[in-house]
Amino acid sequence: MKKRCSYATVYLWIFVAFLMYSCSTQETDLIEESVESIPTENVPSAKREADKLLIFKGPQVAFGIGKVRSWVSVDDNDFPVAFGIEITPEALGDLESLPEDDAITSIPLHLKAKQLTAYEHITLNWEPMGHAPAYWIPHFDVHFFEITEEERLQILPYDDNNQAIVDAVNVFPDVNKMPVGFLKLPGQLGYYPYAGKHWLPFDFLAVNNDFDTGIIHGSYNQKHVFVETKFALDFLQTATEFTSDFTQPLQFENPGSNYPTKYNMEIDSKTGHIFIFLSDFVAR
């Protein structure tokens with residue numbers, strides 16, 4: 001009996017060591033998913049009719065010396081109220097620690113967010129130098145993807161000699177799947193690998209390198225693949241909240257899913273946590 005117990009102990013420690021090694025080899029620093037039932041005064045202010053909301057949180061990911069995670073709030077009818085990311089204040093407190101220009105931080109979702117919204121994952125970019133065509137100030141880009149991360153990673157750098165990529169970039173979805181008020185640039189303009197073709201608002205040139213927020217849509221391989229929100233660093237350092245409608249297409253990529261109609265930002269006055277999120281969902 002003692003010998004059997006000894007073998008069992010050895011096997012147990014081998015299994016624990018394997019799990020620890022597996023976790024240590026992940027590309028991002030992940031912490032467990034969670035779900036909470038909390039009073040609505042402790043969550044971003046979008047839609048606080050209900051007495052309580054369920055908050056489903058994805059795993060935390062390192063973002064500089066801070067953390068970022070996804071979350072979705074759900075009412076008592078199991079319908080999404082708000083969905084987005086939460087960034088801890090340490091991230092903005094040490095900008096030098098943030099990922100390099102154009103580096104993509106992938107943020108996984110809680111299963112509940114995938115079940116109740118049209119989205120599969122979120123990415124966060126810190127752009128300290130800004131970028132073309134008119135967004136040349138430090139800002140953050142948050143992409144909400146309707147495709148999986150595996151599919152996104154197949155969106156490869158533009159190659160004029162690869163007709164499949166050229167077509168995937170420049171053959172667009174049905175016009176009804178893209179909202180009015182946005183334009184597509186020719187060729188590889190507006191195209192970024194591992195994201196897709198960016199459709200810019202008609203007035204993007206009026207930005208003139210000075211903006212607070214913005215919204216962009218994106219496509220790849222004849223599909224609408226993301227909606228992107230932009231927030232200038234100066235705005236996040238001075239504002240406390242923001243909300244705006246954004247235009248909707250006539251037809252949606254995933255009929256039967258719930259889609260948002262507003263994008264928002266809110267900073268918790270007690271913790272300093274930054275919430276960037278979509279809200280006011282409608283069943284499509």
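Where does N162 lie, and between which helices is its loop?

**View 1. N162 sits in the loop between α4 and α5.** This is a predicted model, so take the picture as a prediction. On one side of the loop is α4, made of residues 149-152, and on the other is α5, which runs over residues 163-170. Is N162 buried, exposed or partly exposed? With a relative accessibility of 29%, N162 counts as partly exposed, because that class lies between the 20% and 50% cut-offs.

**View 2. N162 puts a cap on the N-terminal end of α5.** Look for the side-chain oxygen of N162 and the backbone nitrogen of A164: they are 3.1 Å apart.

**View 3. Helix α5 has a buried side.** Which residues of α5 are buried? They are I165, V166, A168 and V169. These residues span an arc of only 165° around the axis, so they end up on the same side of α5. Now check what lies over them: the cover includes the strands β10 (191-192), β11 (196-201) and β12 (213-220).

**View 4. Residues 1-32 have pLDDT below 50.** For the chain, the average pLDDT is 85, and 81% of the residues score at least 70. In the stretch 1-32, though, pLDDT is below 50, and the model shows 14 contacts there beyond near neighbours in sequence. Residues 46-50 also stay under 50, with 11 contacts beyond four places in sequence.

Note on methods
Residues numbered from 1 in each chain as written. Predicted model: local features only at pLDDT ≥ 70, side-chain atom pairs only at ≥ 80, totals over all residues. Heavy atoms only, no water. Buried < 20%, exposed > 50% of the residue type's maximum accessible area, 1.4 Å probe, protein only. Helix = DSSP H or I, 4+ residues; strand = E, 2+ residues; numbered from the N terminus. Arc of directions from axis to C-beta. Contact = heavy atoms within 4.5 Å. Polar contact = N/O pair within 3.5 Å; in protein donor to acceptor, adjacent residues only side chain to side chain. pLDDT = per-residue confidence, 0-100.
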